Amino acid sequence: MSLPTALIVVVALLAATVLAGALLRRRDGRAVAVHGDRHVDPADLMHPLGARATLVQFSTEFCARCPQVRRMLGSVAEERPGVVHAEVDLTSRADLAARYKVLSTPTTLIVDPDGRIRSRFTGVPTRAAVLSALDGAPHIQETTA
């Protein structure tokens with residue numbers, strides 16, 4: 001392979017890597033609405049579902065970003081009546097990673113009282129994004145009665 005061809009290949013690989021990284025970073029922490037009839041089994045969580053919503057956090061022992069997500073989701077759950085936070089450590093429950101299609105940690109699901117998955121966050125969600133997802137889902141919306 002000639003030097004100019006090798007340089008072109010290296011530059012193309014570098015550009016593809018930077019583009020892939022930018023796309024992945026752009027998706028990090030954004031809510032994705034879940035359509036269809038996907039459910040969470042409360043037995044998998046070893047935690048009862050909340051009366052209004054459950055914030056399910058999938059993490060691992062070695063996840064550097066999971067503690068900050070744990071604190072944020074815990075504070076949201078404390079502030080919102082009927083919202084609970086459940087954390088699942090995939091280090092000891094690797095079978096759940098496949099069942100719920102968790103490819104990286106942290107991954108957060110917002111689940112309604114019937115166990116239906118309403119939103120999904122991959123990466124570190126912002127507090128505003130979690131609150132917006134809670135308020136935006138019709139089955140999760142808080143009532144003022």
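Is Asp114 buried or exposed in this model? Asp114 is exposed, with a relative accessible area of 53%; here buried means under 20%, exposed over 50% and partly exposed in between, using a 1.4 Å probe and protein chains only. Before we walk on, please note that this is a predicted model, in which local features need pLDDT of at least 70 and side-chain atom pairs count only at pLDDT 80 or more, while totals for chains, interfaces and linings use all residues. Residues are numbered from 1 along each chain as its sequence is written, and side-chain values use heavy atoms, leaving out hydrogens and water.

Asp114 also has a charged partner: its side chain meets that of Arg116 in a salt bridge, at 3.3 Å from N to O. The term stands for a side-chain nitrogen of Lys or Arg within 4 Å of a carboxyl oxygen of Asp or Glu, and by this rule the count comes to nine. Side chains of opposite charge can pair when their charged atoms come close.

Another of these pairs takes us to helix 4 (residues 94–99), where the side chains of Arg99 and Asp95 meet at 4.0 Å, N to O. Helices (H or I, at least four residues) and strands (E, at least two) are DSSP runs, numbered from the N terminus. Because Arg99 and Asp95 are four residues apart in the helix, about one helical turn separates them. Both count as partly exposed, Arg99 at 42% and Asp95 at 40% relative accessibility.

Let us turn to helix 3. Glu87 and Arg70 form a salt bridge of 2.6 Å, N to O. Glu87 lies in strand 3 and Arg70 in helix 3, so the pair ties together parts that are 17 residues apart in sequence. Glu87 is partly exposed at 30%, and Arg70 likewise at 35%.

Finally, visit strand 5 (residues 117–122), which holds Thr122. Thr122 is partly exposed at 28% relative accessibility. Thr122 and Thr107 are 15 residues apart in sequence, with their C-alpha atoms 4.6 Å apart in space.
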